[in-house]
Amino acid sequence: MRFILSKCRLTVKLVSSCWSTSGLSGVRKLCSVAKSPENSRKLEVPSYLTLHGQWPQDDRQQFLAGMTVLADFITEEEEQTLLQEIEPYLKRMRYEFDHWDDAIHGYRETERKHWYPTNRAIFDRVKELAFRGETLPYIHVLDLAKEGVIKPHVDSVRYCGNTIAGISLLSDSVMRLVRTNDEEQTNAEYRQIFASNRDDKYWSDVLLARRSLYIMKDAARYKYTHEILAGEDSVFQDRKVDKDRRISIICRNDP
């Protein structure tokens, strides 16, 4: 099987998740549209993400400018039209749990270039909003099982451009982004580094609500590992996020 996701991965290391999981329902209400970075000199922390640790001001501003989540980017009806197109193909595939670089567990994936006109119109909106019309021709579809996880990784500049935009279907989830550097990205003991030096780290948890669009670009894309937390670790603002099977449809631009 051809692993599409691995083409855009520079390195992958495991980060320990130590937060407990207990909370309330209604997490999706926390996800709201961000203020445009261009409209404010000092960016405020939006409701769809939390910051942890001691953030240098420059890193904080660059990260907030590069990480955006738009709630309810698609309607329930649009979600169904997307699923109707991709589900017949996905159902013929099996979930993979043994990835060659231990990067991802419980997934199946494909790429599509040609879409039904109604769905193509959705991606045209993504292109204009996140990429100003320029994207790679193939769109990545990643189906993550309920028990599936995407482990921490930093995307490679060789295969992917400075922006990635993904539509989340079927379930809410939590993405964690941890500030890293070139040395740590190539260090096999990354999990121990994060666990032993947690007080020296700073990171963000981002709520990716069902039917939302996330846009990750520039510093947020390359200076932070990103991952999708497992169900037992999916907590946002002390509330349990009920992660289920999740499909993300991802657009990228040229390197």
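Where is Arg211 found? In this predicted model, Arg211 is found in the loop between strand E8 (202-208) and strand E9. Its phi is near 75°, a positive value in a residue other than glycine. Arg211 counts as buried because its relative accessibility is 10%, and buried means under 20%.

**The chain as a whole**

The secondary structure of the protein chain comes to six helices and 13 strands. Of its 255 residues, 55% count as buried. When contacts between residues at least 6 apart in sequence are considered, 85% of them join residues at least 24 apart. The sections below turn to one helix and its surroundings, then to single residues in the strands and loops.

**Helix H3 and its partner H2**

Helix H3 covers residues 117-131, and helix H2 covers residues 76-90. The axes of the two helices come within 9 Å and cross at roughly 115°. The crossing of H2 and H3 is left-handed. On the H2 side, the contact is made by Glu78, Thr81, Leu82 and Glu85, while H3 contributes Asn119, Ile122, Phe123 and Arg125.

The length of H3 can be checked against expectation. At 1.5 Å a residue, the 15 residues of H3 should span 21 Å, and the end C-alpha atoms are 20 Å apart, which agrees.

Burial along H3 is divided between its sides. Asn119, Ile122, Phe123, Val126, Ala130 and Phe131 are buried. These residues cover an arc of only 115° around the axis, which means that they lie on the same side of H3. On the other side of H3, Pro117, Thr118 and Glu128 are exposed. The buried residues of H3 pack against H2, and they also pack against four strands: E5 (139-155), E6 (163-169), E9 (213-217) and E13 (246-252). Just after H3, Arg132 takes a positive phi of about 55°.

Val126 lies in helix H3, Tyr214 in strand E9, and Val149 in strand E5.

| Pair | Separation in sequence | C-alpha to C-alpha distance |
|---|---|---|
| Val126 and Gly166 | 40 residues | 8.8 Å |
| Tyr214 and Leu70 | 144 residues | 6.3 Å |
| Val149 and Glu227 | 78 residues | 7.8 Å |

Val126 is buried, with a relative accessible area of 0%. Leaving aside neighbours within four places in sequence, Val126 is in contact with Phe73, Phe131, Ala165, Ile167, Leu213 and Cys251.

Tyr214 counts as buried at 5% relative accessibility. Not counting residues up to four places away in sequence, Tyr214 touches Met67, Thr68, Val69, Ile164, Ala165, Gly166, Met175, Leu208, Arg246 and Ile250.

Beyond residues up to four places away in sequence, Val149 touches Ala103, Ile104, His105, Leu144, Ile228, Leu229 and Ala230.

**A further positive phi in a loop**

Which loop holds Gln237? The place of Gln237 is in the loop between strand E11 (235-236) and strand E12 (239-240). Gln237 has a positive phi of about 50° although it is not a glycine. At 37% relative accessibility, Gln237 counts as partly exposed, whereas Arg211, at 10%, counts as buried.

Note on methods: Residues numbered from 1 in each chain as written. Predicted model: local features only at pLDDT ≥ 70, side-chain atom pairs only at ≥ 80, totals over all residues. Heavy atoms only, no water. Axes fitted to C-alpha atoms, helices over the stretch in contact; angles between N-to-C directions. Left-handed = near helix turned anticlockwise from the far one by under 90°. Contact = heavy atoms within 4.5 Å. Expected span 1.5 Å × (residues − 1). Buried < 20%, exposed > 50% of the residue type's maximum accessible area, 1.4 Å probe, protein only. Arc of directions from axis to C-beta.
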